[in-house]
Amino acid sequence: MSTRSLIAAVLVIIAMAGYTRSRAQETPNLGRPATPAEIAGWDISIPPDGTGLPPGSGTPEQGAVVYVQKCQACHGEKGAGQPNDRLVGGQGTLVSANPVRTIGSYWPYATTVFDYVRRAMPYTQSQSLTNDEVYAVTAYLLHLNGIIGAQDTMNAQTLPQVRMPNREHFILAYPTPR
Amino acid sequence: MAKRRPPMQDPFPAEPAAEHELLDRRLFLTHGMALLGASGLVTGAVPPASAAEPPDTPAWMQFPGAPFSGYGHPAKYESKVTRTNIQSQPGTTGSGGSRTPLEALDGMITPSGLHFERHHSGVPDIDPDKHRLLIHGLVQRPLIFTVEALLRYPMVSHMYFLECSGNSRPMYGATPPALTCGQVHGMVSCSEWTGVPLRLLLEEAGADLSAPWILAEGADAAAMSRSVPMAKAMDDAFLALYQNGERLRPENGYPVRLFLPGYEGNMSVKWLRRIKVTPTPTMTKDETSKYTDLQADGKALMFTFPMEVKSVITRPSPGLTLQGPGLYELSGLAWSGHGSIKKVEVSADGGRTWAEAALLAPVLPRALTRFRMAWKWNGAPTVLKSRATDNTGAIQPTRDALVAAHGTNVSYHYNAIQAWQVEANGEVKNVYA
């Protein structure tokens with residue numbers, strides 16, 4: 001390769017590197033800043049440590065009232081199921097031919113109950129319950145499953161402390177492959 | 001593998017590649033496809049011998065045909081080809097699933113209108129002008145995007161399969177379900193998906209790339225949400241806006257969905273409205289109480305993301321009855337969430353001997369791959385199977401092996417070899433064999 005062609009090749013490589021870098025840096029940037037109030041309105045997810053749990057509270061007794069009005073038609077008396085998912089019981093069935101996966105027998109985190117009821121239940125009126133009602137229904141379901149006492153209050157401090165019975169029976173397949 | 005000479009009168013001389021007259025996979029390709037019309041599976045009625053057959057001129061040649069149409073539809077004679085096994089939770093109309101009629105289709109692409117569905121609270125009616133995507137959490141600049149803005153970003157296009165983690169679930173049952181191929185295995189479909197790499201938007205938001213997770217949330221009435229590894233989000237994840245060349249169908253996430261190539265379908269969150277960069281998985285309902293794989297010992301695998309290597313013979317299959325002995329083409333689909341299909345072997349003797357099927361181009365990573373195999377059926381009962389191997393070396397297990405490893409309570413990630421029993425009368429049945 002002549003000196004001239006070598007110089008030309010180097011120039012091409014430099015030019016390509018510059019092109020690649022500028023492409024990587026330059027994107028349309030068409031998002032607008034989100035305000036804290038906007039984020040607060042949409043950020044409804046609750047991880048196991050309870051970050052983001054709203055103010056409010058509820059007891060099993062209060063939750064029973066909400067449950068009868070808003071949940072029982074689909075989930076049966078006291079979470080017994082039918083026509084839709086059973087929510088209570090099933091402990092000891094996971095190794096049987098007919099495992100019954102309920103909040104009590106299967107769910108690893110109590111915060112998931114709050115998160116899911118708030119975002120998706122009642123089925124025909126999503127996000128219609130007040131935070132107090134969600135705490136109360138969560139408390140009621142945890143109590144029916146024998147996980148908390150009849151007098152226990154669920155709120156942003158107590159809910160993440162609830163230890164679910166099946167918590168230790170999950171094996172993380174990520175990042176380790178199955 | 002014993003070699004037998006084909007009978008002298010065989011018009012297509014070829015060495016059988018395995019027992020039960022699985023013929024060389026190049027046979028049909030070298031001898032042309034014209035044979036298939038004559039010897040293929042007959043599923044429609046024989047047309048009346050009157051007007052359309054020569055020497056008569058068919059009626060539809062004697063006057064002008066239909067006018068143009070704004071949006072085309074399948075031929076009216078194909079009206080029976082619909083999504084199948086449509087099931088909703090009691091008391092709901094939109095929480096459940098529908099399946100692609102795999103046995104009625106060919107090629108690698110699923111028509112958008114036949115793509116399987118899995119919804120958790122129906123299909124939302126989203127005005128694209130009002131839809132917003134919020135990116136927040138561990139980011140320097142929380143951002144809100146309109147759909148119009150997303151459409152201005154540089155895009156990628158890929159052929160990818162999407163498979164529901166619960167596809168083929170009935171096969172975990174004690175007895176083989178008497179269902180069609182699509183009714184059992186039809187929660188897999190393949191489309192060309194076009195959209196914006198998620199990486200671009202995360203970088204614009206100044207996402208903390210050392211954060212190990214993101215949360216993706218849909219704008220349906222279930223606000224369906226899943227945690228996704230940041231590594232996947234920054235690798236090949238994208239926000240799909242187009243499916244098979246047109247904007248997404250409502251049931252596939254219009255106006256924008258997340259797409260995670262090779263991962264269980266539930267994670268490719270439809271109607272995407274929010275991405276939150278998080279320090280931990282959020283442990284949503286659909287990654288704890290559902291979409292976890294209960295093992296025989298009572299423990300459950302969590303975060304089993306990629307869909308495993310899998311294949312199924314779509315033709316023949318239950319409901320597609322063979323019309324007597326003769327030459328047939330076996331056709332099927334293979335796929336792997338880990339990569340591309342390396343080979344598909346077919347057996348026509350219940351798995352005793354195997355022959356390698358032809359893979360139709362293009363063979364693409366994380367896309368459905370069509371395979372074909374010539375087969376001369378002698379009219380005797382037998383069992384057909386296919387077995388896929390991907391380019392990581394992963395090979396499809398037998399049902400016995402899958403059940404031995406994971407039990408029958410898993411509900412998800414069923415990828416065992418499918419056996420179809422061919423009866424002497426040509427009927428095809430689902431069997432555990």
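**Helix packing, sheet pairing and the A–B contact**

In the predicted model, helix α3 (residues 60–70) of chain A packs on helix α6 (residues 131–144) of chain A at an angle of about 100 degrees, and their axes lie 7 Å apart. Because angles of 65 to 115 degrees count as roughly perpendicular, α3(A) is classed as roughly perpendicular to α6(A). On the α3(A) side, the contact involves A:P60, A:Q62, A:G63, A:A64, A:V66 and A:Y67. These residues meet A:E133, A:A136, A:V137, A:A139, A:Y140 and A:H143 in α6(A). By class, the residues of this contact of α3(A) with α6(A) comprise 8 nonpolar, 3 polar and 1 charged.

Chain A has 178 residues, of which 36% count as buried. Among the contacts in chain A with a separation of 6 or more, 57% are accounted for by residues 24 or more positions apart.

Chain A also touches chain B, in a contact that takes 41 residues from chain A and 47 residues from chain B. On the side of chain A that touches chain B, at least two residues each are supplied by β1 (32–33), α2 (36–42), α5 (110–120) and β4 (170–172) of chain A. The largest share of this side, 5 residues, is contributed by α5(A). The side of chain A that touches chain B has 26 nonpolar, 8 polar and 7 charged residues.

Strand pairing also links the two chains: β1(A) pairs with strand β7 (residues 143–146) of chain B in the antiparallel sense, over 2 bridges. Within β7(B), B:I144 is the residue opposite which A:R32 stands.

In chain B, an open sheet is formed by 3 strands in the order β3-β4-β5, with antiparallel pairing. The antiparallel pairing of β3(B) with strand β4 (residues 96–99) of chain B extends over 3 bridges. In this part of the sheet, B:S88 stands opposite B:G96 in β4(B).

Technical notes:
Residues numbered from 1 in each chain as written. Chains lettered and ligands numbered in written order. Predicted model: local features only at pLDDT ≥ 70, side-chain atom pairs only at ≥ 80, totals over all residues. Contact = placed C-beta atoms within 7 Å. Helix = DSSP H or I, 4+ residues; strand = E, 2+ residues; numbered from the N terminus. Nonpolar A, V, L, I, M, F, W, Y, C, P; charged D, E, K, R; others polar. Pairing = 2+ DSSP bridges. Axes fitted to C-alpha atoms, helices over the stretch in contact; angles between N-to-C directions. Parallel < 35°, antiparallel > 145°, perpendicular 65-115°, else oblique. Buried ≥ 20, exposed ≤ 12 C-beta atoms within 10 Å, placed from the backbone.
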